[in-house]
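Opened this one up today to jot down a few look-ups. Here is the entry it belongs to.

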Amino acid sequence: MSSWPSAEPPQAQQALDRNFLTSELDASLFSSVIGSGGGAPSSPQSPESSAASETAPSSQPSSDQPAPQYGAAQYGAAPYGAAQYGAAQYGGAPQAADPAAPHPADPAAQGAGAPPAAPYPHPPADAPPQAAPDTNDFVRKNVHGDPLMRRMGQGVRKAVGASAAHDVRQLAELVNWIRRPLPSCRQIAVTSIRGGAGKTTVSALTAALIAEYRGDRVLAVDADSGLGSLPLRLRARTERSLHDLARVRLNSFEEAGPYLGRAAETLWVLPATTAGRVSTDLELDTFRAGIGNLTRYFSAAVIDCGAGLGELQRGILTGVHGQIIVAQGTADGALSTRSTLEWMVGNGYGGLLPRTVIALVTHSPHVDSDLERARQMLSAGGMPVVHVPYDRQLATGAAIDMRRISEGSRVAATRIAAEILARSSIG
């Protein structure tokens, strides 16, 4: 007789017994699933199959053999691909694997010394060429920079004349500054101490508006030593780059055509890489040789520099007529810009500050930073600080549609263009 009597009634004891048996059955089924490599549990064996299984060697590892590891050998040798996610995976007839056949990823299956299969196979040689993807292919829709309700409010204000005359007059003054004669090609560097500030966006907007309002040739230069996105934002592709241009000598603007991409009627783009592919780093001598071939054909050149203050950026700053410093419209962005200005004063670039414009770019529709206080701090040295508001069209990162940017973005970019051209003509 048991020395530990059960306090459960007979019905409850029977339920516990059933639960215990069920858990034991589940454990055995789970063990059979793991042992068979993740397949469905096998059906009950017949007496003949049971006898055969007793004479067959056991598939379980012995105590002196290492336990199987969870991996490709445990869950089948098929690689991730059509064989794994095909009919056999979703209800089709499973294919029996030949244990003597080599694994597809085994170099012995491909021949001695053969490299493993490439994850991105090249198309056949006779395949027709495919067009490179465009940035707009990754955008659900071409949104407008201003929401619909804001555009409706702007239309009402213009219709009733509320502050519309003042806005038109202010914009006309900025455009007149942009259209003033220039003594030579004004080279304007667009820099930022950190990546992601909106430097390429400001470069594209500034170059596009200068070209739109002036009507003569304007050049947008991608001087990012890595993989710059200026040609993508301006939708101007070319099979040649600044590296190729630096190795030739041009005698006319027509000879420069093959090296440039055309973004608008009077806007050309000079990429730093060939067809948007990663190439060798851009060096200062290469940049100077390429730009030296082109400046006499353009009224202005907007140079999108890489982030930071490396050797290439410092070399570009020594030869430009003006600079646009781009920073995020945040507390961190404002303080980093102040540190940049202090560095320039202490390292021989203080003479460029009177010809510098600061752009604070907002990347979120909700502004929690005190932009007015940031503007006061950064403008203490006499430099204009322009706030570029959040723009839904610019935020997509796709090719910029100048017809769909917000009114605030256009006014801010126009002011940046007017300020930098006016200051770049000093001295």
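**Strand 4 and its neighbours**

I began with the pairing in this predicted model: strand 2 (residues 218–223) and strand 4 run parallel, joined by 4 bridges. Looking for a facing pair, I found Leu219 opposite Trp268 in strand 4.

Next I checked strand 3 (residues 261–262), which runs antiparallel to strand 4 and is joined to it by 2 bridges. Here Gly261 stands opposite Val269. Strands 3 and 4 make a hairpin, with 4 residues between them.

Which way do the side chains of strand 4 (residues 267–270) point? I see Leu267 and Val269 going one way and Trp268 and Leu270 the other, and all are buried.

**Cores**

I then looked up the largest nonpolar core, which has 43 residues. Leu219 turns up again, among the residues with the most contacts inside that core, as do Leu260 and Leu294. I followed Leu294: leaving out residues up to four places away in sequence, it touches Leu219, Leu245, Leu250, Ala256, Leu260 and Leu270. Apart from this core I noted another, of 42 residues, including Ala220, Leu230, Ile324 and Val388.

**Helix 15**

I tested the length of helix 15 (residues 407–424): its 18 residues at 1.5 Å each should span 26 Å, and the end C-alpha atoms are 26 Å apart, so the two agree.

**Cysteines**

How many disulfides does the structure hold? I get 0. Cys185 counts as buried because its relative accessibility is 9%, and Cys305 is buried at 0%.

Definitions and conventions
Residues are numbered from 1 along each chain as its sequence is written. This is a predicted model: local features need pLDDT of at least 70, side-chain atom pairs count only at pLDDT 80 or more; totals for chains, interfaces and linings use all residues. Side-chain values use heavy atoms; hydrogens and water are left out. A nonpolar core is a set of buried Ala, Val, Leu, Ile, Met, Phe, Trp, Tyr and Cys residues joined through side-chain atoms within 4.5 Å. Buried means under 20% relative accessible area, exposed over 50%, partly exposed in between (1.4 Å probe, protein chains only). Contact means heavy atoms within 4.5 Å. The expected span of a helix is 1.5 Å times one less than its number of residues. A disulfide is a pair of cysteine sulfur atoms within 2.5 Å. Two strands pair if DSSP finds at least two bridges between them.
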